[in-house]
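Here is a report on contacts, cavities and backbone geometry. It takes each topic in turn.

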Amino acid sequence: MDQVQHKFVDVGGLKLHVAEIGTGPNVVLFLHGFPEIWYSWRHQMIALAKAGFRAIAPDHRGYGLSDPPPQPDKASFADILSDLLNLLDALQIAKVFLVAKDFGARAAYLFAVLHPERVLGVVTIGSPYLPKRSTFLKYLPEGVYISRWREPGRAEADFGCLDAKTIVRNIYILFSRSEIPMAAENQEIMDLVDSSTPLPPWFTEEDLATYGALYEKSGFQTALQVPYRSLSEDFNTTDPIVKVPVLLIRGGRDYSCKFPGMEDYINSGMKEFIPNLEIEFLPEGTHFVQEQSPDEVNRLILTFLAKNV
């Protein structure tokens, strides 16, 4: 990891922490999800740099080492999109490939819709394009982690008695399972993980310490606002079609496949909004497949990039 360079880039009033490796003419911008930071792309960044690409991964505003927004409880996906555009302009990058997962994937899809002239292609890990997000939210049970964390104060109380490292540990364990994290009426989400449960075998104590230290710095206020409390944000795009090439890498053990109707939508409905769509399926892949099976994911990403560069 010593080869990765770090800097801060002004994106219009606040500074984003940016990790970077490689000097190739073709740029790949990585967008993390929750509970992640730039570090979740470490395996991909090194592999792409070795293959001749310039790999860049920011911490989103309010995450990791990046500045928090002035009012974290009013942060939005629109802020993320604005930051991406300002980041590309500040680094004088005309066009990029976007590689994203979790809520970073939503930002990648939307950025490709709103700024197609800046995007060469999109790779997402596990997250389909959902132009009508509010329809999806309407059918979530009350006990699902998304519903719980969207409720102001609920997650804050749940997280409040734990340190940042333990919170990240619990979420990594939960999200690595193949079942949707869902609490009973008398439970909170953190109650679903026993303290004796081991970390996934591909996630080390050193990895956890890296995440824990950075969430200790940033806290979870912005992370609860974006993505969870901003999921219903509507961009009112007149043309929701993603016109650039897209690769969706899916894991067979990713709990997000279990949301009602998701499997059918991915297999038969998503192509309506992404005409140039490829889907690759990794049967044993979890929600964190890019960390769990980096060699397989790197191969798929590099094949896609080679076809569309």
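## Basis

The model is predicted.

## Backbone geometry

Glutamine 92 is found in the loop between H2 and strand E5 (96-101). Its phi is positive, about 55°, although glutamine 92 is not a glycine. The residue is exposed, because its relative accessible area is 75% and the cut-off for exposed is over 50%.

Aspartate 102 also has a positive phi of about 55° and is not a glycine. It lies in the loop between E5 and helix H3 (103-114). Is aspartate 102 buried or exposed? Its relative accessible area is 15%, so aspartate 102 is buried; the limit is under 20%. One cis peptide bond is also described: it runs from phenylalanine 34 to proline 35, with omega near 10°. Proline 35 sits in the loop between strand E3 (27-31) and H1.

## Salt bridges

Side chains of opposite charge can pair when their charged atoms come close. The structure holds 17 salt bridges. One of them joins arginine 42 to glutamate 291, with the closest N and O atoms 2.8 Å apart. Arginine 42 belongs to helix H1 (residues 42-50) and glutamate 291 to helix H11 (residues 289-292), so the bridge ties together parts 249 residues apart in sequence. Both arginine 42 and glutamate 291 are buried.

Arginine 154 and glutamate 142 form another salt bridge, at 3.6 Å from N to O. Arginine 154 lies in helix H6 (residues 154-159). Glutamate 142 lies in the loop between helix H4 (133-138) and helix H5 (145-150), so this pair ties together parts twelve residues apart in sequence. Arginine 154 has 18% relative accessibility, so it counts as buried. Glutamate 142 is partly exposed, at 46% relative accessible area.

## A further bridge and a network

Lysine 307 and glutamate 278 meet in a salt bridge of 2.9 Å, N to O. Which parts of the chain does the pair link? Lysine 307 is in helix H12 (residues 294-308), glutamate 278 is in strand E8 (residues 277-282), and the two are 29 residues apart. Lysine 307 is exposed, with a relative accessible area of 52%. Glutamate 278 is partly exposed, at 23%.

Salt bridges with shared partners also build one network. Its members are Glu142, Arg148, Glu151, Arg154 and Glu188.

## Aromatic pairs

A pair of aromatic rings is described by the distance of the centres and the angle of the planes. The count comes to 32 aromatic pairs. Tyrosine 63 and phenylalanine 103 have ring centres 5.7 Å apart and planes at 35°, so the pair is tilted. Tyrosine 63 is in the loop between strand E4 (54-58) and H2, phenylalanine 103 is in helix H3, and they are 40 residues apart. Both tyrosine 63 and phenylalanine 103 are buried.

Tyrosine 63 also pairs with tyrosine 215. This pair is edge-to-face, at 6.2 Å centre to centre and 80° between the planes. Tyrosine 215 lies in helix H8 (residues 205-218) and tyrosine 63 in the loop between E4 and H2, so the pair ties together parts 152 residues apart in sequence. Tyrosine 63 has 1% relative accessibility and counts as buried. Tyrosine 215 counts as buried at 1% relative accessibility.

## A charge over a ring

Arginine 106 lies over the face of phenylalanine 77. The distance from the ring centre is 4.6 Å.

## Cavities

How many cavities of 30 Å³ or more are there? The count is two. The second largest cavity holds about 40 Å³ of space. Its lining is formed by Leu16, Pro58, Asp59, His60, Arg61, Ile80, Asp83 and Leu84.

Helix H2 (residues 77-90) gives the most to this lining, with three residues. By type, the lining residues of the second largest cavity divide into four nonpolar, one polar and three charged.

Definitions and conventions: Residues are numbered from 1 along each chain as its sequence is written. This is a predicted model: local features need pLDDT of at least 70, side-chain atom pairs count only at pLDDT 80 or more; totals for chains, interfaces and linings use all residues. Side-chain values use heavy atoms; hydrogens and water are left out. A salt bridge is a side-chain nitrogen of Lys or Arg within 4 Å of a carboxyl oxygen of Asp or Glu. Helices (H or I, at least four residues) and strands (E, at least two) are DSSP runs, numbered from the N terminus. Buried means under 20% relative accessible area, exposed over 50%, partly exposed in between (1.4 Å probe, protein chains only). On a 1 Å grid over the protein atoms alone, a cavity is a set of points where a 1.4 Å probe fits but cannot get out, and a pocket is an open set with protein on both sides within 12 Å along at least five of seven lines; lining residues have an atom within 4 Å of a point. Grid points are joined across faces, edges and corners, and a volume is the space filled by probe spheres set on the points. Ala, Val, Leu, Ile, Met, Phe, Trp, Tyr, Cys and Pro count as nonpolar, Asp, Glu, Lys and Arg as charged, and the others, Gly among them, as polar. Rings of Phe, Tyr and Trp (its six-membered ring) pair if their centres lie within 6.5 Å; planes under 30 degrees apart count as stacked, over 60 as edge-to-face and the rest as tilted. A charge sits over a ring if NZ of Lys or CZ of Arg is within 6 Å of the ring centre and within 35 degrees of the ring normal.
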